[in-house]
Each structure stands twice: as structure tokens, then as C-alpha cells.
Amino acid sequence: MDWYPLWNSLRIAGISTVIVFFAGIFAAYTIAKAPRLVKGSLDVVLTMPLVLPPTVVGYLLLRVLGPKRIVGAWVLEHFDLRLTMTWWSAIFATVVVIFPLMYRTARGAFEAFDETLAYSGQTLGLSNTYIFWRIRMPACKQGIIAGTVLAFARALGEYGATSMIAGYTPGRTATISTTVYQLWRTNNDALAFRWVMINMAISAVVLLAVNMLEKKKTEKGRSV
């Protein structure tokens with residue numbers, strides 16, 4: 001059994017999650033403080049991939065990153081580098097698809113934060129950077145961790161956009177999701193079922209982790 005799809009899926013999901021962790025927190029923190037009209041407009045744009053079909057996301061990415069499109073053609077001409085049909089091409093797709101999960105979860109955590117704690121820190125002469133990392137982030141960590149875990153799980157199972165921008169090449173771009181589809185298409189149900197069970201096992205562990213975090217958060221809220 002070739003384990004490359006599992007390794008590749010974990011690699012893509014891990015890199016994508018790290019990217020959206022910082023990008024999602026930055027966007028959530030910035031937009032949470034924005035005026036209502038600006039917040040509403042940006043929220044629609046940043047959350048759009050959450051409701052769009054993954055194939056539409058993949059199509060839009062191809063319109064930008066394809067070798068004959070603006071960005072893709074420029075990178076190919078100047079760096080001799082294709083932005084599609086490679087294993088790391090899937091990172092573009094997963095980042096766009098999972099970003100709304102991290103962004104919305106982090107924004108909800110920031111909006112629930114008691115701002116009097118930040119004001120108290122300011123009166124003590126603490127810098128905004130110190131307040132953010134030592135006061136705000138620890139207070140919001142449960143929601144942020146939950147968003148990170150959910151983003152990783154979603155990235156691990158992404159198929160639609162990934163299959164369009166990275167394709168399926170055994171040993172090069174194959175992921176768990178694309179492998180399951182190809183095995184099913186070639187009537188290899190036994191091996192496809194194995195990969196389905198592996199994916200379900202990983203997803204179960206991730207969901208269990210999220211439930212434990214939510215339970216811990218609830219118990220902490222009751223004890224306060």
C-alpha cells in the first residue's frame with residue numbers, strides 16, 4: 001500500500017493550517033475593531049469561500065494561477081515555475097478553503113474578549129504587543145485552538161479545489177481525497193475503503209479534540 005497520499009495530505013494540511021493560523025488571527029483582530037460597514041463588507045469577502053462550491057474556488061484559482069493567466073504566466077516566465085499541477089499547488093486551494101473557518105472562529109473569540117483587561121494593561125504601561133500576546137491571546141486560546149483544529153481537519157479532506165489545481169498524479173500530487181476518487185473510478189473498492197477508514201479515523205480524532213476543548217471551555221466558564 002502506497003502511503004504517499006497520507007503523507008502528502010498531512011503535509012499540505014499542516015502547511016496550510018500554519019498559514020491560515022497567522023493570516024486568520026491577523027484578519028480577525030483587525031476586522032473585529034473596524035467600523036460596522038467596513039466589517040460587514042470584508043466579512044462577506046473573506047467568508048465567501050466557505051459557501052462557494054470547492055470546484056468554483058478551484059476554477060477561480062486556475063483563472064489566476066494557470067500557466068496562461070496573469071499571475072501564473074508571470075511566475076512561469078520569470079522563475080520558470082508552474083503554480084499548478086504540483087503537490088504544493090494544493091496549498092493555494094486549501095488555504096483559500098479553510099481560511100474562513102479560522103477567521104470566523106478567531107473573530108468570535110476576539111469579540112467575546114473582555115476589553116477591560118486590555119484597558120487595564122494599558123493603564124499599567126504595557127505595550128499593545130504585550131497585551132495581545134500575553135493577555136488577549138491566552139484569554140481567547142480555546143476558540144483559536146478550536147478554529148485551528150477545524151481548519152486542519154477541513155484541509156485534510158479537501159477535494160474539489162485541490163483536484164482542479166493540483167490534479168492527481170500518483171507519488172507526486174495524490175492526496176487521500178483524490179486517491180479515494182481515483183480508486184473508486186477504477187473499481188478498486190477495497191483499497192478505496194481503506195483510505196476512507198483512514199480519513200474517518202483521523203477526522204474522528206480531530207473532532208474528539210475539538211469536543212474536549214469545547215467541554216473544557218464550558219467547565220471553565222461555569223467555574224468563574
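**Overall layout**

Guide: Read from the N terminus, the elements of the chain follow the order α-α-α-α-α-α-α-α-α-α. Helices (H or I, at least four residues) and strands (E, at least two) are DSSP runs, numbered from the N terminus. This is a predicted model, in which local features need pLDDT of at least 70 and side-chain atom pairs count only at pLDDT 80 or more, while totals for chains, interfaces and linings use all residues. Residues are numbered from 1 along each chain as its sequence is written, and side-chain values use heavy atoms, with hydrogens and water left out.

Visitor: How many helices and strands are there in the chain?

Guide: The chain has 10 helices and zero strands. Its C-alpha trace spans about 65 × 40 × 25 Å along the principal axes.

Visitor: And what percentage of the residues count as buried?

Guide: Of the 224 residues, 39% count as buried. Buried means under 20% relative accessible area, exposed over 50%, and partly exposed in between (1.4 Å probe, protein chains only).

Visitor: Which residues touch the most other members in the largest nonpolar core?

Guide: They are Val20, Ile25, Phe110 and Ile144, in a core of 45 residues. A nonpolar core is a set of buried Ala, Val, Leu, Ile, Met, Phe, Trp, Tyr and Cys residues joined through side-chain atoms within 4.5 Å.

Visitor: Which element gives the largest share of this core?

Guide: H5 does, with 12 residues.

Visitor: Let us take Ile144. What does Ile144 touch?

Guide: Leaving out residues up to four places away in sequence, Ile144 touches Phe21, Ile25, Met102, Ala106, Phe110 and Met137. Contact means heavy atoms within 4.5 Å.

Visitor: New topic: Ser16. Is Ser16 buried or exposed?

Guide: Ser16, which lies in helix H1, has a relative accessible area of 0% and is therefore buried. Not counting residues up to four places away in sequence, Ser16 touches Ile91, Thr94, Val95 and Ile98.

Visitor: How many residues lie between Ser16 and Val97 along the chain, counted as places apart?

Guide: Ser16 and Val97 are 81 residues apart along the chain, and their C-alpha atoms are separated by 9.8 Å.

Visitor: Where does Thr84 lie?

Guide: Thr84 lies in the loop between helix H4 (70–79) and H5. Thr84 counts as buried because its relative accessibility is 3%. Its contacts, not counting residues up to four places away in sequence, are Leu62, Leu65, Gly66, Pro67, Ser89 and Ile165.

Visitor: Now the helix pair H6 and H7. At roughly what angle do the axes cross?

Guide: The axes of helix H6 (residues 115–123) and helix H7 (residues 128–156) come within 10 Å and cross at roughly 135°. Axes are lines fitted to C-alpha atoms, for helices over the stretch in contact, and angles run from 0 to 180 degrees between N-to-C directions. H6 and H7 are therefore oblique to each other; angles under 35 degrees count as roughly parallel, over 145 as roughly antiparallel, 65 to 115 as roughly perpendicular and the rest as oblique.

Visitor: Which residues meet there?

Guide: Glu115, Leu117, Ala118, Gly121 and Gln122 in H6 meet Asn128, Ile131, Ile135 and Arg136 in H7.

Visitor: And Asn128, buried or exposed?

Guide: Asn128 is exposed, since its relative accessible area is 54%. Asn128 and Ala201 are 73 residues apart in sequence, with 42 Å between their C-alpha atoms.
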